[in-house]
Amino acid sequence: MKLTFPALALLVAGVGVALTLRAPRNPGEYDVAAFAQLPTLVNGRIKPLDTVARTSLLTIQGRQRVAAPDGRVVSPEEWLLDMLYAPAVADHYGVFEIVHPDVLAMLTLSTADGAGGKRFSLEQIFKHVAELDRQAKLADATESALRSAFQRAVVQLRNNVALYQRLQNSLSAASTPDFLDQLGRLEKDLASGAVAAAAARAGQAHSGAEAKLMLDLGQSFGVMDSYGYLRPVPPAVGEDETGWKTAGAAWSAVLASSTPNPVASQYAALGRAWRLHQPVEFNAAVQALRNSFVATMPAMMKKSAIEVRFNSAQPFYTSMALYVVAFLLGIISWLKWPQSLGRSAFWMVVLAFALTTGGIVARMWLEGRPPVTNLYSSALFVGWAAVALCVILEYFYHNAIGSVAAAVIGFATLVIAHHLALGGDTMEMMRAVLDSNFWLATHVVTIAVGYSATFLAGFLALIYVCRGVFTRGLDHATAQSLTRMIYGIVCFATLFSFVGTILGGIWADQSWGRFWGWDPKENGALIIVMWNAIILHVRWGGMVRGRGLAVLAIFGNVVTAWSWFGVNMLGVGLHSYGFMDAAFWWLVVFVGSQLAMMLIAALPDEKWRSFAAMRAPVTRQGKTANVAMAEPVR
């Protein structure tokens, strides 16, 4: 059993991972998988409709799954189709997450009214949208960092409603129930030449059904063009790829020229088929659109298909589950079957690391960028680099400490990344000042590796303290191994933090004309370098040993968390990315926990269970002797 368990556990985990990598399947007769791959331009990036659906749901409700009123689970693509073509159906889905009690009271709602107690439909909140908008405008007058929790919740909900309504006006006029039928009449008139005649009579009062139809459609097209969220109609062959049009603009051009637009027409046919429950016609329209895109932009369609596979696989969520399993196996290995369970934990970490690596590489290929471009990708990379170092440590020490540390850091950073993804598309366009692959691949990657190593040293120190105070598992060999690990990782962190900071100064000199400006982010990077240097100097000077080194390394977690996230919340400086209320309080909790662990580490020797056990009298050949402590007080 001890020999077969690692292989069996790895086999089960590998099969589970392989199942997540399968191509997406259609939930029914409709070819929604092909629909999901259709590209569109949104916020400066061409992306598949699958990504639009998933990121919109994450922004609005914090998850990708949608529950219909009848209990059905609706996929993101099906939800998007209802949003685009059947808004009356979509308006009954509970997708707006509302948890603030004052906002619920303003909307005359209670937790009993919502799905899961916190998700509500547009139908439920629509009658109070005017009051919501009024309160949000009042909150807009207050600086974001100074808004109350109620004001932030109101602004967020207002923005989510606006996104929702912009989506609904992307391919049809949501306020016109028979809009798709009107488009069908327009297309028939185009084929018969009636549009040209109607255009000549459009300025005359009561000039006929065709002219009235054109006037009504012209108004709807104008609303869709100004308010639509998607730009689904590609430019003509030879035009600049940024020339994607909204559906409203494309149909306005059709009216002006009396020339049909094949893409716009196929999207209209697709919508009619979806609304009338005609899967054969729906699939034909989707296939026609797909063939059109493949013929004109094959590379983009290949990229879109791979992005849909990436979205469906969700490698980072799977890695989170694997890290949890690895953590449990590693902890249990300290109590029973250390070799077998420890080996299982190690290979589980390796599998999760490989899956995360694949996800990061896929993101790099899709973006055409180095691994770190924003806060979301920094969370992925910091965790990835820390886990890589843990794998190396575990390979040499074989004590499950590296596996446990990898599981904790890997899981924690992926959770952070998940919450950062709630802000929208994580592969957004780069700001002009950051649009440099060279510096993203040098300064940003190097400084992120420094973050990873400093965090890893701190988490190894936490393991040192927890095993010493709360268990009897910190024997002399384990204490010495942990001390060497912490020291080696701090040396590594100092090097990369220092080099990364210098490279950042060179980049700043090229971008802003000064090497150093005492920006909060720059100061945070300098503090990390100085703190790691302090740790090394007091260690070299003999001022601290095992336990003291652990205490200093734990405070390194505080310093790094402040530089990574804290300075972004100040609202000042060139590196400020906005105040995040939830992140602020989690940062406070994290810092408090690290300070508490430092106080626990400072307890007297007799409070350390491992030390007390090692100092207890033992019998050796009929005589009593004292076992020496693994580490002195400092």
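The structure is a predicted model, and across the protein chain the mean pLDDT is 86, with 89% of the residues reaching 70 or more.

**Confidence along the chain**

- Confidence is highest in helix 4, which covers residues 76–85 and has a mean of 96, whereas it is lowest in strand 8, at residues 623–626, where the mean is 40.
- Over residues 200–206 the pLDDT is below 50, and in the model this stretch has six contacts once near neighbours in sequence are set aside.
- The pLDDT is also below 50 over residues 612–633, a stretch that has 40 contacts in the model beyond near neighbours in sequence.

**Ala 400**

- Ala 400 is not a glycine, and yet its phi is positive, at about 70°.
- This residue belongs to the loop that lies between helix 19 (375–397) and helix 20 (401–420).
- Ala 400 has a relative accessible area of 2%, and because buried means under 20%, this residue counts as buried.

**Trp 518**

- Trp 518 is likewise a residue other than glycine with a positive phi, here near 55°.
- Its place is in the loop between helix 22 (476–512) and helix 23 (520–540).
- The relative accessibility of Trp 518 is 60%, and since exposed means over 50%, Trp 518 counts as exposed.

Methods
Residues are numbered from 1 along each chain as its sequence is written. This is a predicted model: local features need pLDDT of at least 70, side-chain atom pairs count only at pLDDT 80 or more; totals for chains, interfaces and linings use all residues. Side-chain values use heavy atoms; hydrogens and water are left out. pLDDT is the predictor's confidence in each residue, from 0 to 100. Helices (H or I, at least four residues) and strands (E, at least two) are DSSP runs, numbered from the N terminus. Contact means heavy atoms within 4.5 Å. Buried means under 20% relative accessible area, exposed over 50%, partly exposed in between (1.4 Å probe, protein chains only).
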